[in-house]
Amino acid sequence: MNYYLSVDGGGTKTDFLLTDRAGRPVARRRLGGCTYSYIGQEGVCELLEEGARLLLRDAAAGEDEVACAVWGIPCYGEDRAFDGYVSRRLPRVLPCAHRLCNDVELGLAGSLLLGPGVHVVAGTGAIAMGRDPGGKTARANGWHEFFSDEGSAYWLGRQALALFAQQADRRRERGPLYELLRAEWGLESDYEVIRYYRENLENRRERIAAVQKLLCRAAEAGDRDAARLYEQAARALARTAGGVLRQLDFPEGEPVRVSYYGGVYRAGARILAPFGRLLGEMGAVLTPPALPPLCGGVLLAAQADGRDDPAEIAETLKSFEEMERK
């Protein structure tokens, strides 16, 4: 039993990491998204099983060499039928200990090194999870993209499309977003955006989420309405963190750490500055993530393997992440 397997599933991509028991990475893989509402529960399991097999092949490792596998799966914990299906099927992949959880739990574990606080994800979707000093956990947001996920890249992508339409017919002042979308999508007339949407974006959640990148470019170019959308996203994410805080028990007078992860935060100060300010108003403190979710899965695997102190493994993982960024 030489290895830990961590799997961080998401709406757009699924990352796999195999480490030794000291936390030294041995192999990594990335496959597509594994949201069961889009690829079905069998599709989710097939993708996760394939990723695990490829990872072991890359490492020239046998199935019986894995001590613990942690599977972070989107939507896990929300549908009893789906939870039951993957809980029965995935443990057959490897003869080891398994921990199945929602992918946000990996983010919480990695960002705060298994400590108490709140973790707010703003990637394709938006969700938060927290753990208080007593071990109680709670979640907020992330119910469904149609009536939840406020502050996510998908939510911002939809807002960007609406803003283009408003700028096109001059309900709002035309800003950089108007010309940017026309140029990027080769629109000869404004109404061609409808055709572009139907042919390229409709029912493709990850592609709508990617429109957020164009919105960010427009904000950087001086589009005031685009910039305001990031302020609205920050407010939605702060409300999400507040929802978690109100469900948990933290000591009064002590600031609660709130960490974050996801593509929306690549907008930098445009999203982080208002987010941090709003958190401060509710007695919380914005805390940069110590480790990404994939490494959080390794910490959870080590914890399940009976390792009480994650500090040494965390330092090894931090060193690897720093090397990867260089």
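Okay, let's start with two helices: the axes of α5 (residues 176-185) and α7 (residues 205-220) come within 9 Å and cross at roughly 135°. That makes α5 oblique to α7, because angles under 35 degrees count as roughly parallel, over 145 as roughly antiparallel, 65 to 115 as roughly perpendicular and the rest as oblique. The axes are lines fitted to C-alpha atoms, for helices over the stretch in contact, with angles running from 0 to 180 degrees between N-to-C directions. Helices are DSSP runs of H or I with at least four residues, strands are E runs of at least two, and both are numbered from the N terminus.

Before I go on, this is a predicted model: local features need pLDDT of at least 70, side-chain atom pairs count only at pLDDT 80 or more, and totals for chains, interfaces and linings use all residues. Residues are numbered from 1 along each chain as its sequence is written, and side-chain values use heavy atoms, with hydrogens and water left out.

Back to that helix pair. The α5-α7 crossing is right-handed, meaning the near helix is turned clockwise from the far one by less than a right angle. Who touches whom? From α5 we have P176, L177, L180, L181, E184 and W185, and from α7 V211, L214, L215, R217 and A218; contact here means heavy atoms within 4.5 Å.

Now the sheet. It's open, with five strands in the order β8-β7-β6-β9-β10 and mixed pairing. The edges are β8 (137-140) and β10, each pairing on one side only. From one strand to the next, the twist averages 20°. Two strands pair if DSSP finds at least two bridges between them. β6 (residues 117-122) and β9 (residues 256-261) run parallel, joined by four bridges, and V120 sits opposite Y260 in β9. β9 also pairs with β10 (residues 284-286), in the parallel sense, over three bridges. There, V258 has L286 as its bridge partner, and R257 stands opposite V285.

Last stop, α3 (residues 103-111). Is this helix enclosed or open? Nine of its nine residues are buried, so α3 is largely enclosed by the rest of the structure. Buried means under 20% relative accessible area, exposed over 50%, and partly exposed in between, using a 1.4 Å probe and protein chains only. Just after α3, look at L113, with a positive phi of about 50°.
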